[in-house]
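I opened this notebook to record what I looked up in one structure. The entries are given in the order in which I made them.

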Amino acid sequence: MAPARTVRGSIKGTKHDFTAVYNRKWPHSYFRAHLAVDYMIPDRAKPVFERIFADYRRVRKKTRLKIIDVGCSYGINAALLRSELDLDDLYAAYLEPNGSLSRRKEVEHCAFFRDRGLRDDIHFVGVDPSFRAVRYAQSLGLLEAGITADLETRNLTLEECSALVDADILISTGCVGYATERTFARVYEASATSRPWVVAFAMHPFSYHQVAAILRDFALETKLVDRFRQRQRRFSTPEERQAILKAMAKLGIEDRLERTTGYIYASCYISAPPGEAL
Ligand SMILES: C[S@@+](CC[C@H](N)C(=O)[O-])C[C@H]1O[C@@H](n2cnc3c(N)ncnc32)[C@H](O)[C@@H]1O
């Protein structure tokens, strides 16, 4: 299987580029850019994560969970999984003209999430080099801690490592490809004593092969769960569609859904000590 870096190279220049909206003070531009291509993976992933959290609680006999979100951005998975909100609620809250979440008053953003009664039996630590986004999510209380490092290029500090200990589950949406096995290895190593599970959605055509390989070094077994495959977003242009379908064909990834629906899908991978998950 081709490494994520090779896959990234094969669609470079045609894959839609969202990077300009990743590291802003406020999330509005992020939501506008993602709604434009009907980005929905955090919403589609929510019931899958909830199912896995319930399995994990039963197997490990735990109620309070510590979740590490790799590529946490503005705390979107945390907001969805700690409340009854869905992604459309967030799109509306941020994008509605004259809506309640303006670019001026952080206190209104805090109140918005506080009024939705964020549950505190699930707490989140975010990992994302987009430090403004992570700061936003932390200051609203969506994330308990944030690691604003690019772990593709450097090791964790001792302080960052201590934020990752006692983790229960690592999750990720929309980030595999930016984050490769290097990041997952560093994050897992720092949290390995509690043997967390890993649940990640990898957009096609990004391969998870190398991530699964490093998780095997930590004695985790990775399963691709076909029935949990989900829509990520629409193709942004015909050129992007062509490049992604070409890369998928080259890698032998089945593309029936992409060919017929106009959407790009993400595969779901679940890693756990043998016999524990599913
Ligand atoms: C498409 S967004 C997904 C955000 C969120 N998980 C969601 O699904 O809405 C991709 C995120 O990956 C982050 N990212 C880019 N490079 C990264 C890296 N090396 N490690 C972790 N996150 C990274 C970006 O800053 C951005 O927040």
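This is a predicted model: local features need pLDDT of at least 70, side-chain atom pairs count only at pLDDT 80 or more; totals for chains, interfaces and linings use all residues.

Entry 1

Entry 2. The space taken by the ligand is the largest pocket. I then looked up the elements that give two or more residues to the shell around the ligand, and these are α2 and α4.

Entry 3. I counted the residues around the ligand and found 19. The closest are Tyr-30, Tyr-39, Asp-128, Ser-130 and Thr-173.

Entry 4. For Tyr-39, I found a polar side-chain atom 2.6 Å from an oxygen atom of the ligand. For Ser-130, I also recorded a distance of 2.6 Å between a polar side-chain atom and a ligand oxygen. On the side of Asp-150, an N or O atom of the side chain lies 3.1 Å from a nitrogen atom of the ligand.

Entry 5. I looked up how much of the ligand the protein covers. The ligand taken alone exposes 600 Å², of which the protein buries 95%.

Entry 6. I turned to helix α5, which spans residues 87-95. At its start, a side-chain oxygen of Asp-86 comes to within 3.1 Å of the backbone nitrogen of Asp-88.

Entry 7. Which residues of α5 are buried? I listed Leu-87, Leu-90, Tyr-91, Ala-93, Tyr-94 and Leu-95. The buried residues of α5 pack against α2 (28-35), α3 (41-60), α4 (76-81), α6 (106-115) and α7 (131-139).

Note on methods. Residues are numbered from 1 along each chain as its sequence is written. Side-chain values use heavy atoms; hydrogens and water are left out. Buried means under 20% relative accessible area, exposed over 50%, partly exposed in between (1.4 Å probe, protein chains only). Helices (H or I, at least four residues) and strands (E, at least two) are DSSP runs, numbered from the N terminus. Contact means heavy atoms within 4.5 Å. A polar contact is a pair of N or O atoms within 3.5 Å; within protein, one must be able to donate a hydrogen and the other to accept it, and residues adjacent in sequence count only if both atoms are side-chain atoms. A residue is near a molecule or strand if one of its heavy atoms lies within 4 Å of it. Accessible areas come from the Shrake-Rupley method with a 1.4 Å probe; for residues, only the protein chains shown count as cover. On a 1 Å grid over the protein atoms alone, a cavity is a set of points where a 1.4 Å probe fits but cannot get out, and a pocket is an open set with protein on both sides within 12 Å along at least five of seven lines; lining residues have an atom within 4 Å of a point. A molecule sits in a cavity or pocket if more than half of its atoms lie within 2 Å of its grid points.
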